[in-house]
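Take a look at the sequence and structure, then read on.

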Amino acid sequence: MARTIWTVVSQCTRAWRGGAARLAICLALAQPAFVAARASEPGEYSKLPARSTPTWVRQSIIYEIFPRQFSATGDFNGVTAQLDRLKQLGVDILWLMPIHPVGKLKAKGAFGSPYAVRDYYGINPQYGTAADLHRLVGEAHRRGLKVIMDIVANHTAWDSVLMKMPDFYTHDAAGHIIPPRPEWTDVAALNYDNPKLRRYMIDMLKHWVREFDLDGFRCDAAGMVPTDFWEQARTELDALKPGLFMLAEWDNPALMARAFDVDYAWKGYTAMADAIQGRSPASAVREQWQRESAEYERGALRMRFSDNHDESRAIVRFGEPAALAAAALVFTLDGVPLLYNGMEVGDTAESGAPALFEKLPINWSTVERRPQFAQAYRQLTTLRHGHPAFMGGELVWVHNSEEARVLSFIRRGAGESLLVAVNVSSQPFVGVVEAGDGSYGEITPGADDAKSTHVVSLPALSLGAWEYRVFRKQQ
């Protein structure tokens with residue numbers, strides 16, 4: 001943190017000589033740096049309020065798209081063709097995995113990783129042209145959908161156009177450019193001690209916003225890039241297009257203080273996966289949530305997920321009914337939920353390594369075999385959008401009589417109180433839940449008419465294997 005402060009001081013000293021406009025940017029950066037310094041001790045971030053985030057982000061559902069796998073054509077037009085379906089599914093933000101040309105030198109697999117970027121200003125010709133991308137973004141915006149782009153700021157491909165500037169890269173003692181981690185053999189680590197690299201990267205981010213009207217960025221390996229770089233980038237991007245959305249692939253409250261709107265709830269995902277697979281009690285999910293709540297800024301938004309390109313597919317890892325139980329948690333916990341590339345039809349094709357480096361298109365016809373997935377995800381998006389308490393209300397955990405297998409909590413806000421109970425086990429549950437005073441009506445998606453119109457006799461509660469139920473407190 002001391003380095004961050006002195007970096008800002010040095011920048012502002014130079015900016016003072018360069019004019020009022022540059023000085024204004026530096027002064028905007030200085031305040032968050034010093035505030036963050038005061039909150040640098042463990043647990044101190046929880047004393048700060050979360051940064052102001054656009055309302056539309058809090059109310060959104062993110063859909064991650066791997067263009068190579070998303071359609072048979074594997075291009076932008078294949079995504080554009082499905083925008084109406086994505087809108088009907090109920091998602092709000094389309095996250096495009098990296099769209100840049102992929103490096104060939106030291107590439108893995110037949111196609112190489114999209115995270116091995118050869119040219120930050122270029123478009124992968126296999127995905128189409130700039131005109132195709134303009135059309136995709138424009139058509140998404142006409143449907144009320146936002147579009148964010150994956151940016152890989154920590155490393156490049158070995159045949160990147162930036163290799164002509166070797167001082168942009170990290171070197172070992174012998175002067176050789178090195179990967180960021182030994183196992184990441186297909187990429188080379190960038191060096192953010194170089195101010196020219198920082199300027200290049202910020203200007204590049206601004207280019208994509210200016211030229212394609214993007215709504216923000218998902219930032220790969222964000223914690224491997226200096227926090228003060230992201231803070232400077234955020235300040236300049238906000239000046240260009242106020243209200244951008246920045247998503248960090250990391251879990252660190254320091255990144256959330258002044259740079260990012262949302263980060264990954266990685267530890268929450270691990271706790272949920274362990275509970276579903278029987279390696280830990282369900283109560284471990286609540287305990288992990290409580291630990292993170294004590295670490296993060298008040299009101300900080302975390303991205304909740306059961307599937308993404310870095311993990312095994314939920315349907316494969318957990319099984320079909322358990323995957324839907326995981327989805328129910330993702331959509332009813334606090335934060336912003338994620339859907340990934342075909343999971344709404346029960347697709348089982350992997351997209352992580354080694355499939356990340358190959359072409360394995362989504363089998364959309366899987367929906368005929370697993371129609372319950374399309375129905376379940378549509379119900380969950382409708383449930384979330386239909387109740388403001390899910391999109392911005394507080395979360396209060398409540399006890400039940402079998403906390404090793406069942407999670408129960410209340411979402412409260414915007415004049416409503418919702419009780420959620422999820423059975424994350426293969427055994428039925430019959431017991432009680434601490435619902436508090438008052439009567440409840442069931443609003444579980446797909447509940448029969450008798451349930452949905454009848455006042456439920458809580459605290460008594462029954463759940464089938466992997467079942468979830470949602471109740472709304474009567475006014």
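## Packing around helix H12

Which helix and strands do the buried residues of H12 pack against? They pack against helix H11 (266-276), strand E9 (301-304), E11 and E12, where contact means heavy atoms within 4.5 Å. Helix H12 itself spans residues 283-293, and its buried residues are Ser283, Ala284, Val285, Arg286, Gln288, Trp289 and Glu292. Buried here means under 20% relative accessible area, with exposed being over 50% and partly exposed in between (1.4 Å probe, protein chains only). Helices (H or I, at least four residues) and strands (E, at least two) are DSSP runs, numbered from the N terminus.

A note on the model: it is predicted, so local features need pLDDT of at least 70 and side-chain atom pairs count only at pLDDT 80 or more, while totals for chains, interfaces and linings use all residues. Residues are numbered from 1 along each chain as its sequence is written, and side-chain values use heavy atoms, leaving out hydrogens and water.

## Glu403, a buried loop residue

Glu403 sits in the loop between strand E11 (394-397) and strand E12 (406-413). It counts as buried because its relative accessibility is 18%. Not counting residues up to four places away in sequence, Glu403 touches Ala282, Ser283, Arg286 and Val398. Ala282 is 121 residues from Glu403 in sequence, yet their C-alpha atoms are 6.2 Å apart.

The side chain of Glu403 also reaches the backbone nitrogen of Asn400 at 3.0 Å.

Arg234 belongs to helix H9 (residues 227-240) and counts as buried because its relative accessibility is 2%. Its side chain makes a polar contact with the side chain of Asp261 (3.0 Å). Beyond four places in sequence, the contacts of Arg234 include Arg51, Met246 and Phe260.

Phe260 is among the residues with the most contacts inside the largest nonpolar core, which has 125 residues. Such a core is a set of buried Ala, Val, Leu, Ile, Met, Phe, Trp, Tyr and Cys residues joined through side-chain atoms within 4.5 Å. Helix H14 (residues 320-332) gives this core its largest share, 10 residues. Another core, of 14 residues, lies apart from it, with Ala435 and Tyr440 among them.

The structure holds 5 cavities of 30 Å³ or more. On a 1 Å grid over the protein atoms alone, a cavity is a set of points where a 1.4 Å probe fits but cannot get out, and a pocket is an open set with protein on both sides within 12 Å along at least five of seven lines; lining residues have an atom within 4 Å of a point. Grid points are joined across faces, edges and corners, and a volume is the space filled by probe spheres set on the points.

The largest cavity has a volume of about 150 Å³. Of its 16 lining residues, those closest to the centre are Gly268, Tyr269, Met272, Arg304 and Leu333. H11, H12, E9 and H14 each supply at least two residues of that lining. The largest pocket holds about 590 Å³.

Technical notes. A polar contact is a pair of N or O atoms within 3.5 Å; within protein, one must be able to donate a hydrogen and the other to accept it, and residues adjacent in sequence count only if both atoms are side-chain atoms.
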